[in-house]
Amino acid sequence: QLTSSSFLRIGQLSNVDLNEDIHELETELPRQRPNEIPHNEKLLSLKYESLDYDNSENQLFLEEERRINHAAFRTVEIKRWVICAMIGILTGLVACFIDIVVENLAGLKYRVVKDNIDKFTAKGGLSFSLLLWATLNASVVMVGSMIVAFIEPVAAGSGIPQIKCYLNGVKIPHVVRLKTLVIKVCGVILSVVGGLAVGKEGPMIHSGSVIAAGISQGRSTSLKRDFKIFEYFRRDTEKRDFVSAGAAAGVSAAFGAPVGGVLFSLEEGASFWNQFLTWRIFFASMISTFTLNSVLSVYHGNAWDLSSPGLINFGRFDSEKMGYTIQEIPIFIFMGVVGGILGALFNALNYWLTMFRIRYIHRPCLQVVEAMLVAAVTATVGFVMIYCSRDCQPIQGSSVAYPLQLFCADGEYNSMATAFFNTPEKSVVNLFHDPPGSYNPMTLGMFTLMYFFLACWTYGLTVSAGVFIPSLLIGAAWGRLFGISLSYLTKGSIWADPGKYALMGAAAQLGGIVRMTLSLTVIMMEATGNVTYGFPIMLVLMTAKIVGDYFVEGLYDMHIQLQSVPFLHWEAPVTSHSLTAREVMSTPVTCLRRIERVGTVVDILSDTSSNHNGFPVVESNPNTTQVAGLRGLILRSQLIVLLKHKVFVERANRNLVQRRLKLKDFRDAYPRFPPIQSIHVSQDERECMIDLSEFMNPSPYTVPQEASLPRVFKLFRALGLRHLVVVDNRNEVVGMVTRKDLARYRLGKEGLEELSLAQT
């Protein structure tokens, strides 16, 4: 769509006035896309389908289950454990790959810039160094943003909101594809090396989920290869369970926190939970941490010392030096309040920014330009802050990776540079563990302020990157500042160690932004290797969540809402008892008779206006007109497979059907069933009949039309349903409840509100 001249001009945008250029682009691309996309968060999108978490217990399924003996069930169980082990190993390896590549590329970049700065400090002309730094950043980020914007837009962001939706039962297109994984991994590496205010931890969760979905299916649709293994697991029920294991493995590889990973899957993800699943997920997380640990230990040259359990290692906090006393607990609670308020501010700013992005910056080329702009601005801000800072610290005894001398005396380094001139993970560890007096309060204050706005601007760009580490960094900076001011006030009392307050500040800030409680407490405890702080961290996180929820919801929930995803929370809205199934359900329902004309089925499936996915099957009673009783439920995907294999009554009578359909035929078509348009049905075949009795689910879940909304919601959410048939007292179909009908009702500021449905 773009001509080559406009591509060239995009390359030169750095020295053109942006507004002129965008107008020129618009004159060149007439009538293609609107300049402004009207967007309203009070919408629910109809483009998202549900997952069929509930098995269809038709005759084929029951026959297969009866054929399988006890030994075969045992092999299936063993296969599940094998898949979980493979998920763990591969997630660990992907994490290692990201870590090693980022370390080497970022190290190279920082060495080049450092040599350049040292050279120009002596003879003047530091603006060249700034130009070099900004250009390096912008060019790396440009590549990282282009692959996301033009190849796979789902890979943008941290991927946690998308995985939350998938585990909630919403099918987000392309979210667990191999292509997404490749783009995700490359994008993360490029955006961290490009010096954006991002972390590589969030995307690990998405990567783990993609790996899990891929392995458990035993084939890749992107590569068009089928390995003919694990065929039993080709349905949404099994796939979704494995994806929750992959998400847990991702968390545990990122933070070295296997228990935290399991709790993350439990808290954020899986709506359907059982004991065996928990145990398997824990197994996958442990394997993933262990793999990462062994590979990185070998890479760092001490093969027997397993000391790097996660991508981020906060280092050990010693209990002797770092205990806490009872009078500090109110201080921690106060820090929680501050974290909640700052987190709410972060989310509110990001909300307005995202609305602006959805409306105006929706063309891929503009998204790439914005990402490059942010990268250049980040480098410039960092450079100016380092240049203006006069905070010098002695070099000996400090563990700074790239000490910049700039205008300090010999043997000293600029301490602002340790914060900006480093990958964010290293800066967090420095803030936790540097001895008291390594930072000037002024430095910390300026850094917090700047980094807060940079991180807020960066989240939601079209690059793949997480928000975990930037929020920890902001929190650690203001926490350390808080600790320093406390020790000023108490005349250097022993208990006011700034590192401890940096940890609490980090927890408060992260809790205030993402609002996770249980898993985050455990992740922080496992990552610092210290159980003593369990109680204060829990207090801080709870306070931050309560205070933040008073103002605005968590960052991930907010982005899910902005995408208009029909997400079902744990409970129905509190005030919804007055609504009944009759008011919630969708009508009219398209029903099929048990023995139906093929032409009718094809017409119903081709009708784009209704586009239903589940059809109640009723008793065929030719002479009467009234709707007969409910006999079962059949899915669109099953009907398509039946039409594709031409399973018609007439052909069966003439022995034209070579064999009976097996479940394997349905599994081989999963997950991308062909569209109805691709199936050719001749005029004679339209007059045939099709018998649905052995393919329909004869026992679908139903509710009476008087059932209250919370009751319907509980049934729907706990069983992970996709269709819930509403019947009257004669067992005749009156309506159908789907995910959209339940997700429409939401608690707003004024009470219960109903969202409108939109096609986009």
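**Reading a predicted model: helices, cores and loops**

Guide: In this predicted model, the axes of helix 12 (residues 329-360) and helix 20 (residues 534-551) come within 7 Å and cross at roughly 35 degrees.

Visitor: How is a pair of packed helices described?

Guide: Two packed helices are described by the angle between their axes and by the distance between those axes. Here, helix 12 passes helix 20 in a right-handed crossing.

Visitor: Which residues of helix 12 and helix 20 meet?

Guide: On the side of helix 12, they are Ile329, Phe332, Ile333, Gly336, Val337, Gly340, Ile341 and Ala344. Their partners in helix 20 are Phe535, Pro536, Leu539, Val540, Thr543, Ala544, Val547, Gly548 and Phe551. By class, this contact has 13 nonpolar, four polar and no charged residues. As for the spacing, an α-helix has 3.6 residues a turn, so residues three or four places apart point the same way.

Visitor: What should I know about the chain as a whole?

Guide: The protein chain has 29 helices and 18 strands. Of its 760 residues, 56% are buried. Among contacts between residues at least 6 apart in sequence, 77% join residues at least 24 apart.

Visitor: How should I read a nonpolar core, and which residues touch the most other members of the largest one?

Guide: In soluble globular proteins, nonpolar side chains tend to be buried together. The largest nonpolar core here has 150 residues, and Ile386, Phe420, Phe421 and Phe432 touch the most other members. Helix 4 (residues 70-123) gives the largest share of this core, 15 residues. Domain 1 (80-300) and domain 2 (320-563) both contribute residues, so the core lies between them.

Visitor: Which residues does phenylalanine 421 touch?

Guide: Leaving aside residues up to four places away in sequence, phenylalanine 421 touches Tyr110, Val113, Lys114, Trp133, Ile386, Tyr402 and Leu404.

Visitor: Where does asparagine 422 lie, and is it buried or exposed?

Guide: Asparagine 422 lies in the loop between helix 14 (415-420) and helix 15 (424-433). Residues under 20% relative accessible area count as buried. Asparagine 422 has 7%, and is therefore buried. Not counting residues up to four places away in sequence, it touches Tyr110, Tyr402, Ser427 and Asn430.

Visitor: How does serine 438 compare with that cut-off?

Guide: Serine 438, in the loop between helix 15 and helix 16 (441-458), has 10% relative accessibility and so counts as buried. Beyond residues up to four places away in sequence, serine 438 touches Gln393, Ser415 and Arg480. Serine 438 and cysteine 392 are 46 residues apart in sequence and 9.1 Å apart in space, C-alpha to C-alpha.

Visitor: How does threonine 135 count by its relative accessibility?

Guide: Threonine 135, which lies in helix 5 (residues 127-150), counts as partly exposed at 46% relative accessibility. From C-alpha to C-alpha, threonine 135 and glycine 194 are 9.7 Å apart in space, while 59 residues separate them in sequence.

Visitor: Why is helix 19 described as largely enclosed by the rest of the structure?

Guide: Eight of the eleven residues of helix 19 (residues 518-528) are buried, so the rest of the structure largely encloses this helix. The buried residues are Ser519, Leu520, Thr521, Val522, Ile523, Met524, Ala527 and Thr528. Helix 19 is followed by glycine 529, whose phi is positive, near 65 degrees.

Technical notes: Residues numbered from 1 in each chain as written. Predicted model: local features only at pLDDT ≥ 70, side-chain atom pairs only at ≥ 80, totals over all residues. Heavy atoms only, no water. Axes fitted to C-alpha atoms, helices over the stretch in contact; angles between N-to-C directions. Helix = DSSP H or I, 4+ residues; strand = E, 2+ residues; numbered from the N terminus. Left-handed = near helix turned anticlockwise from the far one by under 90°. Contact = heavy atoms within 4.5 Å. Nonpolar A, V, L, I, M, F, W, Y, C, P; charged D, E, K, R; others polar. Core = buried A, V, L, I, M, F, W, Y, C linked by side-chain atoms within 4.5 Å. Buried < 20%, exposed > 50% of the residue type's maximum accessible area, 1.4 Å probe, protein only. Domains from an automatic or database assignment.
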